[in-house]
Amino acid sequence: VASAVVVASGEQLQGPELLLTGDTVTVRAQPGQVTSLVSTGSNGQQETLIVEGDAALLAVSDRNLAQQRRGVSGQAISTLTVDSGVTLGAAGTVVLDAEGDVNFGGTINAQGATLALGSSSISLGETTGQGITSGLVLPNAQLQTLAGSDLRLRSSNSVTIFGDITDASGAGNIMFGDLSIDASGLVGAANTGSDVTLSGTSITLANSSGKAQTPGTQAANGSTLNLQGDMVTLGDGTLTIDGFENVIAIASQALLLGGDGGLEANAALTIDAPVIAATRSVTANITALNSALTVSGGNSAAPLPAGPAVLGTQLAMSGDSVDFDGRIVLPSGRISLTQTGMAPVAGNDLTLGGNAVIDVAGRVLDYGITRTATGGGVIDLVAQTGSVTVGDGATLDVSGSALAGRAGTVDISASQGS
């Protein structure tokens, strides 16, 4: 890897794919001069781009690139600078990623492409006057230029939302295509009374670095973070949401478990989805720290993810109180709902509503020349300090498959309640 890569002002580079990598990558543009890096064509090929170590990377490509970093030192030593007046263009993917600071003042022409932006930290929203001196800063005006694109944000630490995220009118949400956030935390700041919305066709939350985010003092400022997408997917690693009083995740089609990890909110947490299901066999968690967890929106007619049944997924959900009226389908899996606490508090209970469906039943796997049956899974309902209530009409399914397979178990515990 080069120690420094510089594109001089006035250079206009074109090709199917341009990759620049080094300890520092700089693209200059002097007043009155045009500097551009443009990928020509669009082949749509899926490819994984692996970056070893801390190097900064700038890429414009006709391919759909997924990026992975390996062997990161944690020293945040690489930097990437793109001057105002620089234009980057691609029909496939634009990548701006460094383990240190990313200073971007240019323009991206990539309607319909994927934008992959990564830095030591990322700041979004009403960033002016916040004294931000490091990482990647994306104020609302710049975010609006990325509306409609697939946006992947990768932070070595946290992604911080200052104030609200709105369009130029100050009243409308900014809608992305597929929105992915890979960070240790998603943190609200300077947001008293704010009703912040992150919306995309789909939303993926992950923490692939595995770095833990330590929650601060729980917010009590009337702020809300809304996550809205057709699909909301929890990927590898546990992402912590902090700095909001309320977090509401709304998936119009499904909330999907796609990695070993999950979602931890230092806030009252609401999950509203027709179904919670898995795309692969994982161990996942959804936690409201010292707060209420509400799961709603369950719909028995909602379709499950396409493909063969995913077996053996484990999901643990917990909160100071748990109000569950949703639908979870994890064949031959294990689902634990836990009301937590140190001492009994009135109203802090585990309650399953009349529309609740928890399905860990066995399945019949058809391999053409033979069929295999699986047994039912396990459902744990635990109230540490309160009571457990299962409403009339609620379904807890631990049956074996229709072909064969033994039934699973339902374990209910309320050591200090009923």
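How many of the 12 residues of strand 20 are buried? The model is a predicted one, and in it 9 of the 12 residues of strand 20 (residues 195-206) are buried, so that the strand is mostly covered under the criterion of less than 20% relative accessible area.

Strand 20 pairs with strand 18 (residues 175-182) in the parallel sense, over 7 bridges. Within this pairing, D178 has S202 of strand 20 as its bridge partner. Strand 20 also pairs with strand 21 (residues 224-234), again in the parallel sense, and here the count is 9 bridges. In strand 21, L234 is the residue that stands opposite L205.

Another set of strands forms an open sheet of 4 strands with parallel pairing, in the order 2-4-9-12. Strand 2 and strand 12 (107-109) are the edge strands, each pairing on one side only. From one strand to the next, the twist averages 10°. Strand 4 (residues 35-39) and strand 9 (residues 86-89) are joined in the parallel sense by 4 bridges, and T35 has V86 in strand 9 as its bridge partner.

L13 belongs to strand 2 (residues 12-15). The C-alpha atoms of L13 and N173 are 35 Å apart in space, and the two residues are separated by 160 residues in sequence.

## Salt bridges

Side chains of opposite charge can pair when their charged atoms come close. The structure holds 11 salt bridges. One of them links the side chains of R154 and D97, with an N to O distance of 2.9 Å. Because R154 lies in strand 16 (residues 150-155) and D97 in strand 10 (residues 93-97), this pair ties together parts that are 57 residues apart in sequence. R154 and D97 are both buried.

R154 also meets E99 in a salt bridge, at 3.0 Å from N to O. E99 is located in the loop between strand 10 and strand 11 (102-104), whereas R154 is in strand 16, so the pair connects parts 55 residues apart in sequence. E99 is buried, as is R154. Through shared partners, salt bridges join R69, D97, E99 and R154 into one network.

A further salt bridge is formed by R363 and D359, whose closest N and O atoms are 3.3 Å apart. Why is D359 classed as buried? D359 has a relative accessible area of 14%, and it is classed as buried because this value is under 20%.

## A nonpolar surface patch

Which residues make the nonpolar surface patch of about 220 Å²? The patch is made by V390, V410 and I412. V410 is found in strand 40 (residues 409-414). With a relative accessible area of 32%, V410 is partly exposed.

Terms used:
Residues numbered from 1 in each chain as written. Predicted model: local features only at pLDDT ≥ 70, side-chain atom pairs only at ≥ 80, totals over all residues. Heavy atoms only, no water. Patch = residues over 30% accessible without salt bridge, like charges linked within 9 Å, V, L, I, M, F, W, Y side chains within 5 Å. Areas by Shrake-Rupley, 256 points an atom, 1.4 Å probe, with all protein chains shown as cover. Salt bridge = Lys/Arg side-chain N within 4 Å of Asp/Glu carboxyl O. Helix = DSSP H or I, 4+ residues; strand = E, 2+ residues; numbered from the N terminus. Buried < 20%, exposed > 50% of the residue type's maximum accessible area, 1.4 Å probe, protein only. Pairing = 2+ DSSP bridges. Axes fitted to C-alpha atoms, helices over the stretch in contact; angles between N-to-C directions.
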